[in-house]
Amino acid sequence: MADHFNLYPLKHFASIVADCMDLPLPGEYEPTIPWVSEILKERLGKTADRVVLYHADAVGQYIWQKYTSYFAPVYKYTSLAIPFLSTVESVTPVAHASMYTGLDPEGHGIQTYTRPQLTCSTLFDVLIAAGKKVAIVAQADSTFLHIFKGRELDYFEEPNGLSVQEKALELIATDAYDVISIHTFDYDNAAHAFGPESKQGLNAICLEADGFARIAEALKKNEGHTTLLTYSPDHGQHPVAGNHGAHGSKQIEDMNILHFFATL
Ligand SMILES: [Zn+2]
């Protein structure tokens, strides 16, 4: 049987988020997926005034298929899961640039593993122009700190995934931000080093899923908001010789991913 690639490209991501906030995007952005927007907006009840986007790096759909129970902490708080197709190449800067610009790689210009500061309009620019207070919380040397730098938003660089979680919880408790983008890549690191299904890799999957749940719980405690929370990986990883992992190819292990959405 042939490989089955997921239908929806990642470039829908920016419009799905913006639509839940009733923020119009410039015409070059890929539009939302109407039925996804409809479901999310109905569940939100009104415009989302707080958005938290959690990007666990390199979590492929087949990891979810084979280790479904490890995602229980994500299921606990989310109500919608949508299969997405990563970018070509299936690497972090290409995929995250498409997610935050609504463009194909040829459109935003990052087509391989390079990390220039994006000069085209990003979701961050639209949010800032609309008066939103935005933070990026990411592990040291995260792609987010390169390609989205130079904006009027607050950047928090943390040494590891756990300290990213702690910083995100702290920011949620202060209630100072309308939008927080979070990027952790402990799974990506472990999967490269020991293989996508290694003990170390799967342990990181669980740590990141637990982190997502801690964030969801903190958002629920901080009442008075209408909140969209997403679990949004960028690409997967496939095993390579020597018990290592890699990505960047067009294999379904790299291309097929799953996003989860919560309305809190
Ligand atoms: Zn990545």
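Residues are counted from 1 along each chain, in the order its sequence is written. Because the model is predicted, local features need pLDDT of at least 70 and side-chain atom pairs count only at pLDDT 80 or more, while totals for chains, interfaces and linings use all residues.

View 1. Strands (E, at least two residues) and helices (H or I, at least four) are DSSP runs, numbered from the N terminus. In a regular strand, side chains alternate between the two faces of the sheet. Val-134, Ile-136 and Ala-138 sit on one covered side of S4, with Ala-135, Val-137 and Gln-139 on the other.

**View 2. The neighbours of S4: strands S5 and S6.** Strands pair if DSSP finds at least two bridges between them. S4 pairs with S6 (residues 179–184) in the parallel sense over five bridges, and Val-134 has Val-179 as its bridge partner there. With S5 (residues 154–158), S4 also makes a parallel pairing over five bridges; look for Val-137 and its partner Phe-156.

**View 3. Helix H5 (residues 92–101), mostly covered.** Ten of its ten residues are buried, including His-96, Met-99 and Tyr-100. The buried residues of H5 pack against helices H1 (13–20), H6 (105–108), H7 (123–129) and H8 (144–147), where contact means C-beta atoms, placed from the backbone, within 7 Å. Just after H5 comes Gly-102, with a positive phi of about 70 degrees.

Terms used. A residue is buried if 20 or more other C-beta atoms lie within 10 Å of its own, exposed if 12 or fewer, and partly exposed in between; C-beta atoms are placed from the backbone. Two residues are in contact if their C-beta atoms, placed from the backbone, lie within 7 Å.
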